[in-house]
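Hi everyone, thanks for coming. Have a look at the model on the screen, and I'll talk you through a few parts of it.

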Amino acid sequence: MNCIKQVMEDETAVQYSEEATEIAEERLDFLERYYPLLRDSYQNPYGWPKLDPVRHEAALSVMLGLFQAGITLTNHLLESLLKLAVIIESSDPEEREENPKDHSIDSFMKDYEEAQDKYGDENLHNNIGKAYSLGLIDDDQKETLHEIREKLRNAYGHADKSKTFGDLTIPVQSAHLDEGKLKVGQRSEPKVADLLVGQGIIQAKQAEATAPEYFLYIDSLAREIREKLFGPIEDPFEQIKDKESDKE
């Protein structure tokens with residue numbers, strides 16, 4: 001019995017290995033296409049631990065061809081970015097009435113408590129407006145983000161096909177067998193949003209055309225806002241060089 005079990009386990013292991021290799025090879029095709037495009041964004045973190053993990057996963061999703069996942073994670077990156085930025089920019093720890101030199105965790109949390117309560121639950125529409133009023137985004141960025149909110153965030157977040165596909169149409173023609181003969185129906189061009197058949201495939205193709213550019217736009221915006229809040233991201237190697245120069 002143990003021999004039979006061992007053979008079955010070995011066969012299963014071989015099968016799993018072959019299937020995993022097939023998956024890896026399929027993803028490698030996407031990686032070869034999209035890694036050069038996202039390489040800089042993937043390799044260079046923001047130096048902002050609250051956002052870097054989701055940036056990392058969103059970039060990986062797009063590079064590995066998981067485009068719908070990439071769009072969903074980029075949506076999350078956008079919402080997190082604006083909430084964090086608005087909360088930070090709306091708070092002023094320097095105005096702390098009690099001990100201004102208190103650097104305890106409780107004191108740190110209290111610095112952002114009011115803004116966190118106000119904007120942490122706020123919707124994307126309002127946080128875009130607040131980010132604009134605080135000077136974190138400009139007119140063009142505000143307009144673009146509202147378009148994204150409708151066409152990508154709401155569309156994918158709520159599985160709203162009317163927002164996902166808009167007025168996109170597709171030529172279709174029905175066919176059926178009648179007494180062994182193929183009968184072709186009249187050709188038409190319905191809206192994809194109204195056509196339940198094929199929406200999954202069309203959405204996947206549309207996501208592939210959208211996800212890379214979308215991620216790169218939000219990634220660039222995140223870097224710009226991060227610099228407005230905290231200043232330029234310092235290269236750790238340059239910091240070491242500066243310290244060595246100071247010693248000399």
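This is a predicted model: local features need pLDDT of at least 70, side-chain atom pairs count only at pLDDT 80 or more; totals for chains, interfaces and linings use all residues.

Let's start with a word I'll keep using: contact means heavy atoms within 4.5 Å. Residues are numbered from 1 along each chain as its sequence is written, and side-chain values use heavy atoms, with hydrogens and water left out.

Okay, the overview. The protein chain has nine helices and two strands, and from the N terminus the order is α-α-α-α-α-α-α-β-β-α-α. Of its 248 residues, 30% are buried, where buried means under 20% relative accessible area with a 1.4 Å probe, protein chains only.

Now, how do helix 2 and helix 3 pack? Their angle is about 160 degrees, and their axes are 8 Å apart. Those axes are lines fitted to C-alpha atoms over the stretch in contact, and angles run from 0 to 180 degrees between N-to-C directions. Over 145 degrees counts as roughly antiparallel, so that's what this pair of helices is. Who touches whom? On the helix 2 side we have Val54, Arg55, Glu57, Ala58, Ser61 and Val62, and they meet Phe67, Ala69, Gly70, Leu73, Thr74, His76 and Leu77 of helix 3.

Next, the inside. A nonpolar core is a set of buried Ala, Val, Leu, Ile, Met, Phe, Trp, Tyr and Cys residues joined through side-chain atoms within 4.5 Å. The largest one has 43 residues, and Trp48, Leu78, Leu82, Leu145 and Ile225 have the most contacts inside it. Helix 3 gives the largest share, 11 residues. Take isoleucine 225: leaving aside neighbours within four places in sequence, it is in contact with Leu81, Leu82, Ala85, Leu136 and Ile137.

Last stop: glutamine 141, in helix 6, residues 139–157. Is glutamine 141 buried or exposed? Its relative accessible area is 10%, so it counts as buried. Its side chain makes a polar contact of 3.2 Å with the side chain of glutamate 224; a polar contact is a pair of N or O atoms within 3.5 Å, and within protein one must be able to donate a hydrogen and the other to accept it, while residues adjacent in sequence count only if both atoms are side-chain atoms.

Technical notes: Helices (H or I, at least four residues) and strands (E, at least two) are DSSP runs, numbered from the N terminus. Buried means under 20% relative accessible area, exposed over 50%, partly exposed in between (1.4 Å probe, protein chains only). Angles under 35 degrees count as roughly parallel, over 145 as roughly antiparallel, 65 to 115 as roughly perpendicular and the rest as oblique.
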